[in-house]
Amino acid sequence: MDTQAAAHGHHHFERATEVLKQEHRLIEKVLAAVEKLAGHPGPIPVEPWEKAIDFIRNFADKCHHLKEEGLLFPMLEEHGIPREGGPVGMMLMEHEEGRGYVRGMAAALAAAKGDAEGAKKQLAENARAYLRLLKEHIAKEDQILFEMADAHIGPQGQRRLLEQFEEHEREEMGPGVHEKYLEIANELERFNG
Ligand SMILES: [Fe+2]
Ligand SMILES: [Fe+2]
């Protein structure tokens, strides 16, 4: 898989859903690292945890989930797929549930210096809940929601979404940020717990 391409814009993609699928592959790399971190024996490896939470908050949530919530889902709505209830409503609820687990992980990490054992347990519990949620969430999007999107959104709508994605990267993320998170994902992939 060509994760490097993600750093160089979305020009070579014809469908917006392909961009989102490629981002899923990058997120999965970090989920695999979180799995190792959650099972890591001994003291909490604070630095890789901080990087993983930074990635999840800024790449998985702000870059990726906000593209879905702010751009793909409204486009689906324009094509007759409602935001409330149904698969889109479920995806929105799952994004929100995920944010709760991420807050739990961040709080546990912040408390790690005081009560190390309690923090470790809280980190692992929230991480495992997040992993379970996000792996299934990604599978549902890849296999159901994006198929639905491709069936409803024609080439013109897909191109418009691609432009909006570029704009989101530029305005919300800023220059170099995508590259930074690619690097963090690759670095975390090398973590051996
Ligand atoms: Fe999503
Ligand atoms: Fe997604």
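Gln-122 counts as partly exposed, because 18 C-beta neighbours lie inside 10 Å. On this scale, a residue is buried if 20 or more other C-beta atoms lie within 10 Å of its own, exposed if 12 or fewer, and partly exposed in between, with C-beta atoms placed from the backbone. This is a predicted model, in which local features need pLDDT of at least 70, side-chain atom pairs count only at pLDDT 80 or more, and totals for chains, interfaces and linings use all residues. Residues are numbered from 1 along each chain as its sequence is written, while chains are lettered from A and ligands numbered from 1 in the order in which they are written.

Gln-122 lies in helix α4. Helices (H or I, at least four residues) and strands (E, at least two) are DSSP runs, numbered from the N terminus. Leaving aside neighbours within four places in sequence, Gln-122 is in contact with Gly-104 and Ala-108. Two residues are in contact if their C-beta atoms, placed from the backbone, lie within 7 Å. Gln-122 and Ala-38 are 84 residues apart along the chain. Their C-alpha atoms are separated by 10.0 Å.

The protein chain has six helices and zero strands. Its pattern along the sequence is α-α-α-α-α-α. The C-alpha atoms fill a box of roughly 55 × 35 × 25 Å, taken along the principal axes. Of the 193 residues, 29% count as buried. Among contacts with a separation of 6 or more, 78% join residues 24 or more positions apart.

Helix α3 (residues 86-111) packs against helix α4 (residues 116-152). The angle is about 155°, and the axes are 9 Å apart. α3 is therefore roughly antiparallel to α4. Axes are lines fitted to C-alpha atoms, for helices over the stretch in contact, and angles run from 0 to 180 degrees between N-to-C directions. Angles under 35 degrees count as roughly parallel, over 145 as roughly antiparallel, 65 to 115 as roughly perpendicular and the rest as oblique. α3 passes α4 in a left-handed crossing. A crossing is left-handed if the near helix is turned anticlockwise from the far one by less than a right angle, and right-handed if clockwise. The contact of α3 with α4 has 18 nonpolar, five polar and three charged residues. Here Ala, Val, Leu, Ile, Met, Phe, Trp, Tyr, Cys and Pro count as nonpolar, Asp, Glu, Lys and Arg as charged, and the others, Gly among them, as polar.

Helix α4 also meets α1. The axes of α1 and α4 come within 10 Å and cross at roughly 165°. α1 is thus roughly antiparallel to α4. Their crossing is left-handed. Contributors from α1 include Leu-20, His-24, Ile-27 and Leu-31, and those from α4 include Leu-131, Ile-138, Asp-142 and Phe-146. By class, this contact has 14 nonpolar, two polar and seven charged residues.

His-24 lies in helix α1. His-24 is partly exposed, because 19 other C-beta atoms lie within 10 Å. Beyond its neighbours within four places in sequence, His-24 is in contact with Ile-138 and Asp-142. His-24 and Ala-60 are 36 residues apart in sequence, yet 8.4 Å apart in space, C-alpha to C-alpha.

Helix α1 (residues 16-38) packs with helix α6 (residues 177-189) as well. The angle is about 35°, with the axes 8 Å apart. α1 passes α6 in a left-handed crossing. Leu-26, Lys-29, Val-30 and Ala-33 of α1 make the contact with Leu-182, Ala-185, Leu-188 and Glu-189 of α6. That contact has six nonpolar, no polar and two charged residues.

Helix α5 (residues 155-173) contains Glu-172, and His-168 also has its place in α5. Glu-172 counts as partly exposed, with 13 C-beta neighbours inside 10 Å. His-168 is partly exposed too, with 17 other C-beta atoms within 10 Å. Not counting residues up to four places away in sequence, His-168 touches Leu-66, Lys-67 and Leu-71. The C-alpha atoms of His-168 and Lys-67, 101 residues apart along the chain, are separated by 7.4 Å. Glu-172 and His-65 are 107 residues apart in sequence and 13 Å apart in space, C-alpha to C-alpha.
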